[in-house]
Amino acid sequence: MIDPAAAGRRRGVAVLGSTGSIGVSALRVLDRHRDEFDLVALVAGSNRDALDEQVARWSPRFAGLACGRGDATIASGPESLIDAATHPDVDIVVNAVVGAAGLDATLAALHAGKRVALANKESLVMAGDLVAAAAQGGGGELIPIDSEHSAVLQCLVTQGTPPTRLILTASGGPFRTWPDHRLDAATVAEALNHPTWSMGEKVTVDSATLANKALEVIEAHFLFRLGYDAIDVVVHPQSLVHALVEFPDGSVLAQMGFPSMEGPILYALTHPVRLPDSGMRRFDPVAAGSLTFESMRRDSFPAFDLGVAAGRAGGTAPAAFNAANEAAVTAFLQARIPFGRISAVIDQVLSRHRATAADSVAAVRAADSEARRFAVEAIA
Ligand SMILES: NC(=O)c1ccc[n+]([C@@H]2O[C@H](COP(=O)([O-])OP(=O)(O)OC[C@H]3O[C@@H](n4cnc5c(N)ncnc54)[C@H](OP(=O)(O)O)[C@@H]3O)[C@@H](O)[C@H]2O)c1
């Protein structure tokens, strides 16, 4: 793998999904470290106005709109994600695209030997083994942006010993304390009112159903190569401890910080080195106050167990879970199904899905398409 820092030049960065919550945070981090990083490429989905503003501010060598119309200066179409991810001047690809649309860029960047700073957890959930093979074959590396996985990596990096158990924390989402009988009728506005994190709509709804935590358990399984029995989740409403890692002697390390994605983004850019960053709020244990932990209400939020079961089933089952969840969340956001139906749609899709080996992108895409078809039927 190339080491541009050692070669005395700034590391080239592509930000995919630059107009979203993570994309904008990544640009804020890069802005504070212009002497270290060179923003080479920006790709958005369809928000042309926001992309135009970013292009005017950053003058990248490449800009694209994956789902919109381009022109002489802005490339268009899904291939623009690949062109940015494999651009010769790019060393690090921040993949902050939401959903299955991020998979091809993750694979292409790893094949091309890039570091992928991965927010797009869906890539790993859909095709964890293919992503690992792409990294191995192409010489690329995968560094997580998700705060829980960044926390695990940071706990592991100084240890010579493999962990025995990971404990990912979950805020519990906006409905952590809601009684079951109110959940079914929760509105979109209520689901989007996350208590501790400000994020894009899809991941915010995933946090409300706890499907997000299932996606993260699967992500952790592929990233850290641990069995599902060795990955636990605990609800921690303050979102100050991002993960805990247990070692064979029973010792447990935790990583902490006020909830902000800028820390994990910066770490994914610099790992294993740490750069000083004056823009980040310094941790203050007294201001943080009490830390509390509680069990997940798994019966109230069945999407979690459905997702972990799909992870355990393996093959194309996690891709089907991901696709069913994306379709159900879209339907909920468009007020076509109530909140309580999201997990029911996922359940119906998974009960029809016959998992096969996820040994090619074609197999994964086929499972994804079939699950979306099943989801349409379940929603209707
Ligand atoms: N937000 C967080 O704090 C957080 C934390 C951990 C992990 N994540 C993960 O990070 C990813 C992004 O989350 P987010 O909250 O930043 O989402 P977001 O705010 O909805 O932003 C999504 C980005 O993806 C772009 N996009 C949407 N559809 C696309 C497509 N088909 N092709 C290419 N680009 C597309 C959007 O472009 P336009 O807006 O221009 O259409 C936008 O730039 C998700 O996988 C999420 O689970 C997020």
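Helix 4 (residues 103-111) is largely enclosed by the rest of the structure, because seven of its nine residues are buried; buried denotes under 20% relative accessible area, exposed over 50%, and partly exposed the range in between, with a 1.4 Å probe and protein chains only. The buried residues of helix 4 are Leu103, Ala105, Thr106, Leu107, Ala108, Ala109 and Leu110. Glycine 113 follows this helix and has a positive phi, near 80°. Helices (H or I, at least four residues) and strands (E, at least two) are DSSP runs, numbered from the N terminus.

The model is predicted, and local features need pLDDT of at least 70, side-chain atom pairs count only at pLDDT 80 or more, and totals for chains, interfaces and linings use all residues. Residues are numbered from 1 along each chain as its sequence is written, and side-chain values use heavy atoms, with hydrogens and water left out.

The ligand is surrounded by 26 residues, the closest being Thr19, Ser21, Asn47, Glu122 and Gly200; a residue is near a molecule or strand if one of its heavy atoms lies within 4 Å of it. Both domain 1 (11-144) and domain 2 (145-296) give residues to this shell, so the ligand lies between them; the domain bounds come from an automatic or database domain assignment. Helix 1 (21-31) and helix 5 (121-138) each supply at least two residues of the shell. By class, the shell holds 13 nonpolar, ten polar and three charged residues. Here Ala, Val, Leu, Ile, Met, Phe, Trp, Tyr, Cys and Pro count as nonpolar, Asp, Glu, Lys and Arg as charged, and the others, Gly among them, as polar.

A backbone N or O atom of isoleucine 22 lies 2.9 Å from a ligand oxygen, and for a backbone N or O atom of asparagine 47 the distance to a ligand oxygen is 2.9 Å. A polar backbone atom of valine 98 is 3.5 Å from an oxygen atom of the ligand. Of the 890 Å² of accessible area that the ligand has on its own, the protein covers 84%; such areas come from the Shrake-Rupley method with a 1.4 Å probe, and for residues only the protein chains shown count as cover.

Histidine 149 belongs to helix 6 (residues 147-156) and is buried, at 0% relative accessibility. A polar atom of its side chain lies 2.8 Å from the backbone oxygen of glutamate 216. Turning to the cysteines, cysteine 155 is buried, with a relative accessible area of 4%, whereas cysteine 67 is exposed at 60%. No disulfide, a pair of cysteine sulfur atoms within 2.5 Å, is found in the whole structure.

Most residues other than glycine have a negative phi, and most peptide bonds are trans. Serine 59, which is not a glycine, has a positive phi of about 45°; it occupies the loop between helix 2 (48-58) and strand 3 (62-65) and is exposed, at 59% relative accessibility. Leucine 210 likewise has a positive phi, of about 70°. This leucine 210 sits in the loop between helix 9 (201-209) and helix 10 (211-224) and is buried, with a relative accessible area of 4%. Histidine 271 and proline 272 are joined by a cis peptide bond, with omega about 5°, and proline 272 is found in the loop between helix 11 (262-270) and helix 12 (285-288).

Technical notes: A polar contact is a pair of N or O atoms within 3.5 Å; within protein, one must be able to donate a hydrogen and the other to accept it, and residues adjacent in sequence count only if both atoms are side-chain atoms.
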